[in-house]
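Biologist: I am new to reading models of this kind, and I would like to go through one slowly with you.

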Amino acid sequence: MLIKKDKLHIQSFRRALPAIIGAGFFFAFDLWVWHRSIIYIGAGIATLLANTQVFYLVAIGWLLFGEKPKWYFYPAMLLALVGLSIVSMPFLDFQGINNNFLGVLFGLLTGISYAIVTLCMKKATRVYQGKGPWPIFAITIIAAAFSLIAAAFENQLSMPGPADWALMILYGAGVHFMGWFLITHAISFIPLSLTSLLLLLQPIFATVFGALIYAEPLGVLQIVGLVAALSGVYLSSLAR
Amino acid sequence: MMINNHILIMSLGAIIIGFSPILAKAVAIPPTALVFTALPLAALLLPFTC
């Protein structure tokens, strides 16, 4: 269907290839660290830490492209940092490197790699002159290839059981495809400020689902931290 | 009215994506293998998003 409807524009695809490969590599790395962060510190906090990508995007935009953020970026970042510190505090016992510490570290690395993926993707779609989702298609396949290499190195290529296959299909085709399908369909009709706000439903619901399904910690202090962090992330996304 | 519908659609999308770490945690297979097998599935369905 993709091949028939929108033929690949080979020349511009070649020019976009370095950015596509970069995005694919960092997408694989992003998922590698994020999944470990989920296991170590829980779905909610891992997803919240991944959302710090907005700070790195602003920093990269400022340092590399001279895009100075609006004045309220700094107080917003401070607010988010305070919130993130409150949320992450139970996991930081500062007694050496343990799983909790690694979980927080991997969560922050998820945000950094997510920011690099966003930049590479932006570059790839700007350079590619053809129609159709070829760059994103290539990025996804390249990320899968890098994940295969990592899985082979980690000796993780065992075949899952039927229940895992069902969950995996639900994860790849159900959750990721359906979720992004709905978001990409609605995104062009909604103002940017509202889009940034609505996308924060992702870490909020990950936290709520995590608390309900896995009994992940969610006390009053953590809710306060979550609200502060998400407010900071939202304001920062508007300050770009 | 149209914007309200799109707000609902986007909210639903964000909530569904919010469920992804829950599923990832539920699967017993190692994370990297999960990513390797789930990504091509998602890629195959990508053309339908356009």
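This is a predicted model: local features need pLDDT of at least 70, side-chain atom pairs count only at pLDDT 80 or more; totals for chains, interfaces and linings use all residues.

Modeller: Residues are numbered from 1 along each chain as its sequence is written, and chains are lettered from A and ligands numbered from 1 in the order in which they are written.

Biologist: How many residues of chain B are in contact with chain A?

Modeller: Two residues are in contact if their C-beta atoms, placed from the backbone, lie within 7 Å; here 44 residues of chain B are in contact with 61 residues of chain A. On chain B, the elements giving two or more residues to this side are α1 (2–18), α2 (20–26) and α3 (31–45), where helices are DSSP runs (H or I, at least four residues) numbered from the N terminus.

Biologist: At what angle do helix α4 and helix α11 of chain A pack?

Modeller: Angles run from 0 to 180 degrees between N-to-C directions, with axes fitted to C-alpha atoms over the stretch in contact. Helix α4 (residues 53–65) of chain A packs against helix α11 (residues 220–238) of chain A at about 30°, and their axes are 9 Å apart. That makes α4(A) roughly parallel to α11(A), a description used for angles under 35 degrees. The contact is made by V54(A), F55(A) and V58(A) of α4(A), together with V233(A), S236(A) and S237(A) of α11(A).

Biologist: What follows α7(A)?

Modeller: α7(A) is followed by N155(A), whose phi is positive, near 60°.

Technical notes. Angles under 35 degrees count as roughly parallel, over 145 as roughly antiparallel, 65 to 115 as roughly perpendicular and the rest as oblique.
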